[in-house]
Amino acid sequence: MMALLQHAVPVVTLIFVVSSMVAMGLGLKITEITAPLRNLRLVALSLLANFVVMPAAALLLARVLHLDEPFGVGLLLLGVAAGAPFLPKLAQLAKGDLAFAVALMVVLMVITVGYLPLVLPLLLPGVSVNPGQIARSLVVLMLVPLAIALAVNAKLPRAAAVVKPWCDRLSSLSLAAVVVLLVVVNFRNVLSVFGTRAILAGLLFIAIGYGLGWVLGGPAAGTRPVLGLGTAQRNIAAALVVGGQSFTDPGVVVMVVVVAIVGLLILLPLSRRLARTAKHGDGG
């Protein structure tokens, strides 16, 4: 039974990623996604938060909390891997600026493909990373479905309007399934890190990311929560690809999975709370 659930995790994750990318693309136009990128200050602060401060935070937390080396490496992998596929969904739940969320995800994801193989060997001498492997999974699963959906919305807006609610529903259901499956399948892994300060490191890492993103997200109410969520939620797919291929110690992947689970369990309810806060703010 557990083996069946383990096989279900990548399948359900694939359904979530593709359906959420299609749903976002069917509801947006290319000009809406590119418009937030004209705010160069916001883009620069987003890159600073995700590619300078978060790797530094991972290194600092590993040192201060005296994490076991594999857990420290796993946290660092998450620190250098930005562009979370969950971001647009979290932004949608939080009633944040969805166009900025999609633009931010794409920019961070594309940079991660080049940044991770360059920086990781500098921070962890002796480690080699295959950028092609990372790029392939991210481009095929995320950028291609998004591009196709954007094209459909541009050419066939009525069809896009009909299909989008179904993709939204599938995306929400598969996200719930991903969270449940991750918790059930990795329950022993989560238990195994108790007493190692790994969960504490993950909690602090997520809190630093959210707080930093919120502060740097500018004055606009729509962009602050998006950058907060986008900095706190890391690119789990890229971190798992590198963790599984470049390291023999299973503790590296365990740390990535544990922080991923903790992140989703915190950020999903937080997104809903942000939406309620925004609603009350609008009402006031």
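**Notebook: loops, helices and surface patches**

**Entry 1**

I began with Arg197, which is partly exposed at a relative accessible area of 41%. By the cut-offs I apply, buried means under 20% relative accessible area, exposed means over 50%, and partly exposed is what lies in between, with a 1.4 Å probe and protein chains only. The model is a predicted one, in which local features need pLDDT of at least 70 and side-chain atom pairs count only at pLDDT 80 or more, while totals for chains, interfaces and linings use all residues. I number residues from 1 along each chain as its sequence is written, and side-chain values use heavy atoms, with hydrogens and water left out.

I then looked up the backbone of Arg197 and found a positive phi of about 70°, although the residue is not a glycine. Arg197 sits in the loop that joins helix H9 (187-192) to helix H10 (198-216). For helices I use DSSP runs of H or I with at least four residues, and for strands runs of E with at least two, both numbered from the N terminus.

I noted His66 as a further non-glycine residue with a positive phi, here about 50°. The loop that holds His66 runs between helix H3 (40-64) and helix H4 (69-80). His66 is classed as exposed because its relative accessible area is 59%.

I counted 1 salt bridge in the structure. The criterion is a side-chain nitrogen of Lys or Arg within 4 Å of a carboxyl oxygen of Asp or Glu. The partners are Lys164 and Asp168, with an N to O distance of 2.7 Å. Both residues belong to helix H8 (residues 157-185) and are 4 residues apart, about one turn of the helix.

Val162 is exposed, at 57% relative accessible area. The C-alpha atom of Val162 lies 9.5 Å from that of Leu26, although the two are 136 residues apart along the chain.

**Entry 1. Surface patches**

I looked up a positive surface patch and found Lys95, Arg272, Arg273 and Arg276 in it. Patch members must have over 30% relative accessible area and no salt bridge; like charges are joined within 9 Å, and nonpolar side chains (Val, Leu, Ile, Met, Phe, Trp, Tyr) within 5 Å. Lys and Arg count as positive and Asp and Glu as negative, with His and the chain ends not counted. The charge is placed at NZ of Lys, CZ of Arg, CG of Asp or CD of Glu. Arg276 is in helix H13 (residues 250-283) and is partly exposed, at 47% relative accessible area.

I found a nonpolar surface patch made of Met2, Val180 and Val184, with about 250 Å² of accessible area together. The areas come from the Shrake-Rupley method with a 1.4 Å probe, and for residues only the protein chains shown count as cover. Val180 is placed in helix H8, and its relative accessible area of 53% makes it exposed.

**Entry 2. Contacts between separated positions**

I located Asp97 in the loop between helix H5 (87-93) and helix H6 (98-123). Asp97 is partly exposed, at 29%. The C-alpha to C-alpha distance from Asp97 to Arg224 is 8.9 Å, across 127 residues of sequence.

Val257 is in helix H13 and counts as buried because its relative accessibility is 11%. I found its C-alpha atom 7.8 Å from that of Ile236, which is 21 residues away along the chain.

I placed Gly209 in helix H10. Gly209 is buried, with a relative accessible area of 0%. Between Gly209 and Gly230 the C-alpha separation is 8.2 Å, for 21 residues of sequence.

**Entry 3. Annotated spans**

I consulted UniProt, whose unreviewed entry lists several spans as "transmembrane region", among them 71-91 and 251-270. UniProt positions are given in the numbering used here with shortened feature names, and annotations may be inferred rather than shown by experiment.

How much of residues 71-91 is helix, and how much is strand? I read 71% helix and 0% strand, with the end C-alpha atoms 29 Å apart. Residues 251-270 are 100% helix and 0% strand, and their end C-alpha atoms are 28 Å apart.
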